[in-house]
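My notebook is open, and today I am looking up how the inside of this protein is packed. Here is what I am working from.

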Amino acid sequence: MRIAALFLWLLMPCALAAESWNVAGDEQFAPYSFVTLEDNQPRGLDVELVQAVMAEAKIPFTLRLYPWERVKRMLDRNEVVMAFQFAGTPERMQQYQLVGPLRSGSTVFMTSLNTNLTDWAEFDDLSPYVVGQVRGYAYQSAFDKADLRRDSSAQNPRQLVSMLLAGRFDVIVGDRLQLLYFVHEQRAEQSVRILAKPLVQMPRYVAFNKGDHARADAFAAALARLRQAGALDAIYQRWQ
């Protein structure tokens with residue numbers, strides 16, 4: 001039986017290489033992952049990073065982007081074997097097998113110029129204001145548990161920025177590069193401010209279901225090889 005078990009363990013990498021993975025990501029997380037009106041082709045920094053790692057691992061895959069709530073449901077129901085991009089919070093680490101990080105991003109607060117909030121030191125400084133956030137997103141553990149006036153009616157970050165500009169929120173929270181991307185899209189750079197103190201520098205991971213160690217290890221090994229070789233640097237630079 002020990003010989004049989006060893007034989008199966010040795011065959012596992014071959015089985016993984018032959019199996020095609022279904023991979024899902026967020027369709028409204030520009031510039032990290034998004035689709036355009038012209039076609040349904042996945043684009044973005046995280047999309048290219050995942051594609052590079054899968055190519056290095058020599059594992060066939062299909063990558064599609066969906067609304068974020070659907071991405072999480074698909075992973076929970078084993079309709080996909082891997083999903084991205086998950087915040088590296090303790091709660092997410094308990095929920096999924098996280099691998100990475102693929103990258104890190106600065107999570108910040110943004111207000112319109114009509115709001116007199118110019119900076120914050122502790123969460124109580126935000127308590128007089130309505131804080132807009134995307135439904136289903138995790139930001140940072142202490143912030144997620146803080147007693148604040150929240151509005152989670154936004155379905156995606158683009159809508160979150162639009163609702164801030166329309167006066168629905170006093171302040172919103174999100175990835176700095178991403179919020180600026182959507183502000184630029186609406187030519188509203190002169191209408192908003194980013195508070196000087198960031199909430200957190202948040203690592204972003206790919207996620208597998210708990211216990212899926214073989215796939216997680218295969219992805220992690222390929223990611224480590226690319227990092228050591230500096231092969232991902234050009235992708236990072238192209239999207240910064």
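Entry 1: I began with F34, which is buried, with a relative accessible area of 10%. I use buried for under 20% relative accessible area, exposed for over 50% and partly exposed for in between, with a 1.4 Å probe and protein chains only. W239, at 22% relative accessibility, counts as partly exposed.

Before going on, I noted that this is a predicted model, where local features need pLDDT of at least 70, side-chain atom pairs count only at pLDDT 80 or more, and totals for chains, interfaces and linings use all residues. Residues are numbered from 1 along each chain as its sequence is written, and side-chain values use heavy atoms, with hydrogens and water left out.

**Entry 2: counting rings.** How many aromatic pairs are there by my rule? I count 16 aromatic pairs. The rule says that rings of Phe, Tyr and Trp (its six-membered ring) pair if their centres lie within 6.5 Å; planes under 30 degrees apart count as stacked, over 60 as edge-to-face and the rest as tilted. F34 and W239 are edge-to-face, because their ring centres are 6.2 Å apart and their planes stand at 80°. F34 belongs to strand β3 (residues 33-34) and W239 to helix α9 (residues 233-239), so this pair ties together parts that are 205 residues apart in sequence. My helices (H or I, at least four residues) and strands (E, at least two) are DSSP runs, numbered from the N terminus.

Next I looked at F208 and F219, whose ring centres are 6.3 Å apart with planes at 65°, so they are edge-to-face. F208 is in strand β11 (residues 200-208) and F219 in helix α8 (residues 213-229), so the parts they tie together are 11 residues apart in sequence. F208 counts as buried at 0% relative accessibility, and F219 counts as buried at 1%.

I also found a cluster linked by ring pairs, with F29, W68, F86, W120, Y137 and F143 among its members.

**Entry 3: charges over rings.** I call a charge over a ring when NZ of Lys or CZ of Arg is within 6 Å of the ring centre and within 35 degrees of the ring normal. R150 has its charged end over the ring of F143, 4.6 Å from the centre. K197 lies over the face of W120, 4.1 Å from the ring centre.

**Entry 4: the core.** I define a nonpolar core as a set of buried Ala, Val, Leu, Ile, Met, Phe, Trp, Tyr and Cys residues joined through side-chain atoms within 4.5 Å. The largest one has 75 residues, and F219 is among those with the most contacts inside it, as are W21 and V50. Helix α2 (residues 45-57) gives the largest share of this core, seven residues.

Entry 5: A cavity, on a 1 Å grid over the protein atoms alone, is a set of points where a 1.4 Å probe fits but cannot get out; lining residues have an atom within 4 Å of a point. My search of the whole structure gave two cavities of 30 Å³ or more. Which strand supplies the largest share of the lining of the largest cavity? That is strand β5 (residues 82-87), with three residues. This cavity has a volume of about 70 Å³, and its lining includes W68, F86 and R204. The second largest cavity holds about 60 Å³; R204 is one of its lining residues too. Its largest lining share, three residues, comes from β9.

Note on methods. 1 Å grid on protein atoms, 1.4 Å probe; cavity = no way out; pocket = protein on both sides within 12 Å on 5 of 7 lines; lining within 4 Å. Points joined across faces, edges and corners; volume = space filled by probe spheres on them.
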